[in-house]
Amino acid sequence: TLLRMTRFTLFFFVIVLPFTAAGQASAPGAAYKSDGEGWQIQPPKAWKHALQNGKLMIGSDTEAGLMLAWFQAGLTYEQAQEYAKQPYQEQGLVLMPGPAAPFVTKAGKAFVVEYSGKAMDGSTIKSRSISIAGAKGVIYAVAVTTEPQYAALAKRVDEMAKTASFFTPKVGAGVSLIQGPMCAWSGSSSGGSSYSSSQKMFFDGKGNVSWGSESSFSGSVKDGSGETTATYGGYGGNQNQPSDLGAYSVAGEAVNIRWGDGSTMACTVHHRNGQQITELMCGNKKLWGRGLCE
């Protein structure tokens, strides 16, 4: 749904397809296939596509509006329905969802939601979002445009969504180099109190990863003479039980993770034991390792 899109400026969407370099766009009508994620889709004949930030941006030189398509690993049909009930907000623009309606595809169970709202110039922006559920995640097909062009673009995104299909993804050889848990830890201690937090990712060696976390805190209260008069403590998180699912790929020293909500996590290999990867450095130089799970 629109809620799960990365932050784009919708005013720019509806005017021009943001291909940033010549030759980046496909030929008109070319199919897109994601071997690593296991899905494919066929844009209409006059429409070309380019992949940006993990999403397929689809535009036409002769027809107004923008379409997008992407895959969210680990997301279920029921979760997608819940997300679709929430409005999308972007720089002063709020698109409110209408009711979900069934949508027929050969790929799997699907539904469609229409969104509408006012741009800052007073024009009406409309969107049509189709969610198609498969065994390992959801394909989204989305159209965004101004109200006068909406009816024509809605037909185009419906046409495109009906071409979507799932297949068994081709897992790169590199994913087998990470198997089992990797953990990260942070904590602090000051003035008789302490806090610690741990996160765990579990890699299955086949391209799938799960996430869990836990935290704990403790401390004591002392009187003026330094005697302990009370203690306190507690914990949070889910005791490192998996709460999020995603997919990962390994290319040389780069390990990239895509979570079910569409967010991404970029890591580099920090240590190997033979060929097996045992430590990662992710995001803002945060260390993840097998040894930190002990």
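**Figure 1. Ser 34 is a buried residue, with a relative accessible area of 8%.** The model shown here and in the other figures is predicted. Ser 34 falls below the cut-off of 20% relative accessible area and therefore counts as buried. The residue belongs to strand S1, which covers residues 32-34. Apart from neighbours within four places in sequence, Ser 34 has contacts with Trp 39 and Phe 167.

**Figure 2. The chain as a whole has 3 helices and 21 strands.** The chain has 294 residues, of which 42% are buried. Its exposed surface comes to about 14700 Å², and 53% of this is supplied by carbon and sulfur atoms. When contacts between residues at least 6 apart in sequence are considered, 51% of them join residues at least 24 apart.

**Figure 3. The largest pocket holds about 660 Å³ of space.** The pocket is lined by 30 residues, and those closest to its centre are Gly 36, Glu 37, Gly 207, Ala 247 and Tyr 248. Two or more lining residues come from each of strand S5 (66-73), strand S15 (208-222), strand S17 (244-251), strand S18 (254-259) and strand S19 (264-273). With 6 residues, S17 gives the most to the lining. Sorted by class, the lining of the largest pocket consists of 13 nonpolar, 12 polar and 5 charged residues.

**Figure 4. Cys 183 and Cys 293 are joined by a disulfide.** The S to S distance in this pair is 2.0 Å. That distance is within the cut-off of 2.5 Å, so the pair counts as a disulfide. The torsion about the S-S bond of Cys 183 and Cys 293 is about 105°, which makes the disulfide right-handed. Cys 183 sits in strand S13 (residues 179-190), while Cys 293 is in the segment after strand S21 (286-289), so the bond ties together parts that are 110 residues apart in sequence. Burial of the two cysteines is as follows: Cys 183 has a relative accessible area of 4% and is buried, whereas Cys 293, at 27% relative accessibility, is partly exposed. Cys 293 is not counted as buried because that class requires a value under 20%, and it is not counted as exposed because that class requires a value over 50%.

**Figure 5. A disulfide also joins Cys 267 to Cys 282.** The sulfur atoms of Cys 267 and Cys 282 are 2.1 Å apart. The torsion about their S-S bond is about 105°, so this disulfide is right-handed. Cys 267 lies in strand S19 and Cys 282 in strand S20 (residues 276-282), and the bond links distant parts of the chain, 15 residues apart. Cys 267 is buried, at 3% relative accessibility. Cys 282 is buried as well, with a relative accessible area of 2%.

**Figure 6. The chain has 2 disulfides.** With bonded cysteines counted along the chain, the disulfides follow the pattern 1-4, 2-3.

Key. Residues are numbered from 1 along each chain as its sequence is written. This is a predicted model: local features need pLDDT of at least 70, side-chain atom pairs count only at pLDDT 80 or more; totals for chains, interfaces and linings use all residues. Side-chain values use heavy atoms; hydrogens and water are left out. Helices (H or I, at least four residues) and strands (E, at least two) are DSSP runs, numbered from the N terminus. Buried means under 20% relative accessible area, exposed over 50%, partly exposed in between (1.4 Å probe, protein chains only). Contact means heavy atoms within 4.5 Å. Accessible areas come from the Shrake-Rupley method with a 1.4 Å probe; for residues, only the protein chains shown count as cover. On a 1 Å grid over the protein atoms alone, a cavity is a set of points where a 1.4 Å probe fits but cannot get out, and a pocket is an open set with protein on both sides within 12 Å along at least five of seven lines; lining residues have an atom within 4 Å of a point. Grid points are joined across faces, edges and corners, and a volume is the space filled by probe spheres set on the points. Ala, Val, Leu, Ile, Met, Phe, Trp, Tyr, Cys and Pro count as nonpolar, Asp, Glu, Lys and Arg as charged, and the others, Gly among them, as polar.
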